[in-house]
Amino acid sequence: MSRAAVWCAALLTAVTAVALTGCSGSAGRPVDGHGTKSPTRAVWKPRPGLAWQWQLDGKVDASADVPVYDIDGFENSAADVARLHRAGRKVICYVNVGAWEDFRPDRDAFPRSVLGKPNGWSGERWLDIRRLTVLRPIMERRFDMCRDKGFDAVEPDLVEGYGNDTGFPLTARDQLRYNRMIAALAHERGLSVGLKNDLPQIPQLLGDFDFAVNEECAQYDECGELAPFIAAGKAVFHVEYAEPRSAFCAESRRLGLSSMRKKPELGVWRSSC
């Protein structure tokens, strides 16, 4: 074969390879310099004031006429998420990232060495969030589940272990490092991510999180601490369990929070501001 023929054959091979790459299953998801697939869709940025439903008790009931649903990532299927999408809703995937739960299908993935004291909820124990190399792949798989089911965002729960008696000497610095890792895992998958409670670290974490989820800031006179999220154009999804609406709704509206009253079991019932 002549040198020209060899050159033409090599060129044809290269062109074919490029064409096949462009037609592969990862089309539209370019690989960055670290070998990580970049998300194709823009990360959802919920704006302040959006009404929402928070239901973690069982399969989702789609009867609430609100634009945002926050539901359990394990208990609900891709079909459930798709049904909410067809109705024009955005859907948040609830995932516990700070405690082990004995009722989850991946419970055996957690070595005993990372399990701390019970956290007050049946079947749950705090995690040693300093063990990033152990916990990261587990959380990656959980967030893969959220992405693959079609969720728009993640609500990672129990991200304030450093302020509790976990059985481990956790520090605020440990928590910041872990929470930033959690936010990065969500963003790598094209999911937005909410900061759950952890009010003292809002100044450091505001840039890492796309919205906030808060429980009972009105009862403890803490709602003003969430103002940086609103000022940044980021929603604050807020619930109260014991306070009547008359005690917090006016202030919630003034602050721009997305507030409602729920029962602690987080079933279907809701009473919004």
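Q: Is strand S9 enclosed or open, and why?
A: Strand S9 is largely enclosed by the rest of the structure, because four of its five residues are buried. Bear in mind that we're looking at a predicted model.

Q: Good to know. Which strands does S9 pair with, then?
A: On one hand there's strand S8, residues 192-196, which pairs with S9 in the parallel sense over three bridges. On the other, four bridges join S9 to S10, and those two run parallel as well.

Q: Let's zoom out. How many strands are in the sheet, and what's the order?
A: Nine strands form an open sheet, and the order is S1-S2-S3-S7-S8-S9-S10-S11-S12. The pairing is mixed.

Q: Which strands sit at the edges?
A: S1 and S12, the latter being residues 271-272. Each of these edge strands pairs on one side only.

Q: Let's start from the S1 end. How do S1 and S2 pair?
A: They pair in the parallel sense over four bridges, with S1 covering residues 52-55. Within that pairing, the bridge partner of Trp 52 is Val 68 in S2.

Q: Which handedness does the unit with S2, helix H2 and S3 have?
A: S2, helix H2 (residues 78-86) and S3 make a right-handed β-α-β unit.

Q: And how is S3 joined to S7?
A: Five bridges join S3 to S7, residues 153-157, and the two run parallel. Ile 92, for instance, has Ala 153 in S7 as its bridge partner.

Q: Which helix packs over that part?
A: Helix H3, residues 132-148, packs on the sheet and touches S3 and S7. The direction of H3 makes about 155 degrees with that of S3.

Q: What about the S12 end, which strands does helix H7 lie across?
A: H7, residues 245-255, lies across S10 (236-240), S11 (258-261) and S12. H7 runs at about 175 degrees to S11.

Q: Ser 252 is in that helix. Is it buried or exposed?
A: Buried: its relative accessible area is 2%. Setting aside neighbours within four places in sequence, Ser 252 is in contact with His 238, Leu 257 and Ser 259.

Q: Switching topic to aromatics. How many pairs are there?
A: The count comes to four aromatic pairs. One of them is Trp 52 with Trp 54, a stacked pair at 5.4 Å centre to centre with 25 degrees between the planes. Trp 52 and Trp 54 are buried.

Q: And what's the arrangement of Phe 211 and Phe 237?
A: That pair is edge-to-face, because the planes are at 70 degrees, with the ring centres 5.6 Å apart. Phe 211 lies in S9 and Phe 237 in S10, so the pair ties together parts that are 26 residues apart in sequence.

Q: Which residues make up the aromatic cluster?
A: Trp 44, Trp 52, Trp 54, Phe 211 and Phe 237 form one cluster.

Q: Which charged residue sits over the ring of Trp 269?
A: Lys 263: its charged end sits over that ring, 5.3 Å from the centre.

Q: Last topic, backbone. What's the phi of Leu 158?
A: It's positive, about 60 degrees, although Leu 158 is not a glycine. Leu 158 lies in the loop between S7 and helix H4 (172-188), and it is buried, with a relative accessible area of 13%.

Q: And where is Glu 216, and what's its phi?
A: Glu 216 is in the loop between S9 and helix H6 (227-231). Its phi is positive at about 65 degrees although it is not a glycine. With a relative accessible area of 17%, Glu 216 is buried.

Notes
Residues are numbered from 1 along each chain as its sequence is written. This is a predicted model: local features need pLDDT of at least 70, side-chain atom pairs count only at pLDDT 80 or more; totals for chains, interfaces and linings use all residues. Side-chain values use heavy atoms; hydrogens and water are left out. Two strands pair if DSSP finds at least two bridges between them. A crossover is right-handed if, with the strands pointing away from the viewer, the path from the first strand over the helix to the second runs clockwise. Contact means heavy atoms within 4.5 Å. Axes are lines fitted to C-alpha atoms, for helices over the stretch in contact, and angles run from 0 to 180 degrees between N-to-C directions. Buried means under 20% relative accessible area, exposed over 50%, partly exposed in between (1.4 Å probe, protein chains only). Rings of Phe, Tyr and Trp (its six-membered ring) pair if their centres lie within 6.5 Å; planes under 30 degrees apart count as stacked, over 60 as edge-to-face and the rest as tilted. A charge sits over a ring if NZ of Lys or CZ of Arg is within 6 Å of the ring centre and within 35 degrees of the ring normal.
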